[in-house]
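User: I would like to see how the terms used for a protein model follow from its values. Please take me through some examples.

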Amino acid sequence: MSVSNPRREAYRILRRVEEAGAFASALLESRPPSRDQRDAALVTEIVLGVLRRRAVIDHAVARVASRPIDGIEPAVREALRVGTYSILFLDRVPDFAAVDTAVTLVKEAGHAKAAGFVNGVLRRVAREGEALLPPAPVRGDAAALALYRSHPAWWVERLVRRLGWEEADALLAADNEPAATTLAPRGPGLAEALAREGVVTEPCAEVPGALRVTSGVPQQTEAFRAGAFWMQDEASQRVVRLFGDRVGPRVADVCAAPGGKSLGLAARLAKGGVVVALDRHAHRLRRVVANAGRVGVTSIVTVAADMTREAPLAGTFDDVLVDAPCSGTGTLRRHPEIRWRLRPDDLPVLAARQRKILASAAALVRPGGRLGYAVCSLEPEEGEEVVASFLDAHPAFSRTGEILRTSPAHAPQDGFYAVLLTRRSE
């Protein structure tokens, strides 16, 4: 399929996310560069917008469709979602074009008999417009809040219990906004260099030197090709800063791919030091190598290792970072499909795995060394409770420094939990 039709390309991506379990961000990043930046931006907007607003879209479709949303064939349902999102949330796409494109898409997908159904549903969506959207919830009605903010009810209910109504609502609203693009520079003068190529940035509040993009596409600049920066969320950069200005000389980054934190550690590395980037999947380590090569960092070596098992190279590292696999509930702006895939039973399973990885990583730390633990999760089961359990079982370690807890509700950053632990000298 050509990217000349953004809605067709968005439909293709959304079907792979829905039917094959793919991640939208990976599919969006893997597209070849487009000469038309407006069309490329529209593909991203439709894909992430449909995923963020899925519950609201399905609610609108259900109000005018003659059959339950779950009973509609997936290829047809996804075309209805693209069409409904375009009609209700986009100004750029005329209603008639949204309807015609959806009809064409279902025909091309081999569902010509559904063309009349799609045409009828979307014409009604266009006629009734915002009247099909759910009303603002009454305070205390978590199910209504979940629909209004397009999140799963079970997660919203526990969020309201834990954070209170206002905080939960602010977080859910933030999840539906585009994530900021943040850059980690390799040296000074990046803002001026990007400005000369039409990319406007502003300084980040919490990380000196980091830049937030306000307009332009930094990946299409000479500065990017020259390796003058890498892309990394501000909260993710703050995790590395827990270690201070210097690390090493022997550093391990556990669960390292795609390698943003490895690059941040390498930038703070003691002279002659090395960062060992470990990950379970060898193919993901190739991204670490590629990213380090692009920015000219040579002090990172990669090792394939399953950190739920006994760690290699025990007791040999000065600093170890564990960026553990988690639910990702702090990144729902970037990965909105996570909200529809996560189940309540997943949290204890993830927490058990995180405890194994943290214990295995602790064995890497030399006496007197430091161990950082981080998750891009808002759930205490994956953050505070994992660390408390670890400290109970590992009295040689104690917490040092600040506890990092960020939320998209309060700053344009991902939600992270991170702490730094120190192993007692023997």
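User: Why does Arg81 count as buried?

Analyst: First, note that this is a predicted model. Buried means under 20% relative accessible area. Arg81 has 4% relative accessibility, so Arg81 counts as buried. Arg81 is placed in helix 5.

User: What does Arg81 touch, not counting residues up to four places away in sequence?

Analyst: Contact means heavy atoms within 4.5 Å. On that basis Arg81 touches Glu18, Val50, Arg54, Ile57 and Asp58. As for Glu177, its C-alpha atom is 18 Å from that of Arg81, and the two residues are 96 apart in sequence.

User: Why are helix 3 and helix 5 called roughly perpendicular?

Analyst: Two packed helices are described by the angle between their axes and the distance between the axes. For helix 3 (residues 37-52) and helix 5 (residues 74-89), the axes come within 10 Å and cross at roughly 105°. Angles of 65 to 115 degrees count as roughly perpendicular. The crossing angle falls in that range, and the two helices are therefore roughly perpendicular to each other.

User: Which residues make that contact?

Analyst: Helix 3 contributes Glu45, Ile46, Gly49 and Val50, and helix 5 contributes Glu78, Arg81, Val82, Tyr85 and Ser86. Sorted by class, the contact has four nonpolar, two polar and three charged residues.

User: How do you know that the length of helix 3 agrees with its number of residues?

Analyst: The expected span is 1.5 Å times one less than the number of residues. Helix 3 has 16 residues, so it should span 22 Å; the end C-alpha atoms are 22 Å apart, which agrees.

User: Which residues of helix 3 are buried, and what covers them?

Analyst: The buried residues are Asp39, Ala40, Leu42, Val43, Ile46, Val47, Leu48, Gly49, Val50, Leu51 and Arg52. Their cover includes helix 1 (6-20), helix 2 (24-29), helix 4 (54-64), helix 5, helix 10 (165-175) and helix 16 (338-341).

User: How many aromatic pairs does a search of the whole structure find?

Analyst: The search finds three. One of them is formed by Tyr85 and Phe89, whose ring centres are 5.2 Å apart.

User: What makes the pair of Tyr85 and Phe89 stacked?

Analyst: A pair of aromatic rings is described by the distance of the centres and the angle of the planes. Centres must lie within 6.5 Å for rings to pair, and planes under 30 degrees apart count as stacked. Here the centres are 5.2 Å apart and the planes are at 25°, so the pair is stacked. Tyr85 and Phe89 are four residues apart in helix 5, which means about one helical turn separates them.

User: Where are cis peptide bonds found?

Analyst: One runs from Gly248 to Pro249, with omega near 20°. Pro249 is in the loop between helix 13 (234-241) and strand 5 (250-254). Another joins Ala257 and Pro258, with omega about 10°. Pro258 is in the loop between strand 5 and helix 14 (260-267).

User: Why is Gly330 called buried, and what is it in contact with?

Analyst: The relative accessible area of Gly330 is 1%, which is under 20%, so Gly330 is buried. Leaving aside neighbours within four places in sequence, Gly330 is in contact with Cys376, Ser377, Leu378, Pro408, Asp414 and Gly415. Gly330 lies in the loop between strand 8 (317-323) and helix 16.

Notes
Residues are numbered from 1 along each chain as its sequence is written. This is a predicted model: local features need pLDDT of at least 70, side-chain atom pairs count only at pLDDT 80 or more; totals for chains, interfaces and linings use all residues. Side-chain values use heavy atoms; hydrogens and water are left out. Axes are lines fitted to C-alpha atoms, for helices over the stretch in contact, and angles run from 0 to 180 degrees between N-to-C directions. Angles under 35 degrees count as roughly parallel, over 145 as roughly antiparallel, 65 to 115 as roughly perpendicular and the rest as oblique. Ala, Val, Leu, Ile, Met, Phe, Trp, Tyr, Cys and Pro count as nonpolar, Asp, Glu, Lys and Arg as charged, and the others, Gly among them, as polar. Buried means under 20% relative accessible area, exposed over 50%, partly exposed in between (1.4 Å probe, protein chains only). Rings of Phe, Tyr and Trp (its six-membered ring) pair if their centres lie within 6.5 Å; planes under 30 degrees apart count as stacked, over 60 as edge-to-face and the rest as tilted.
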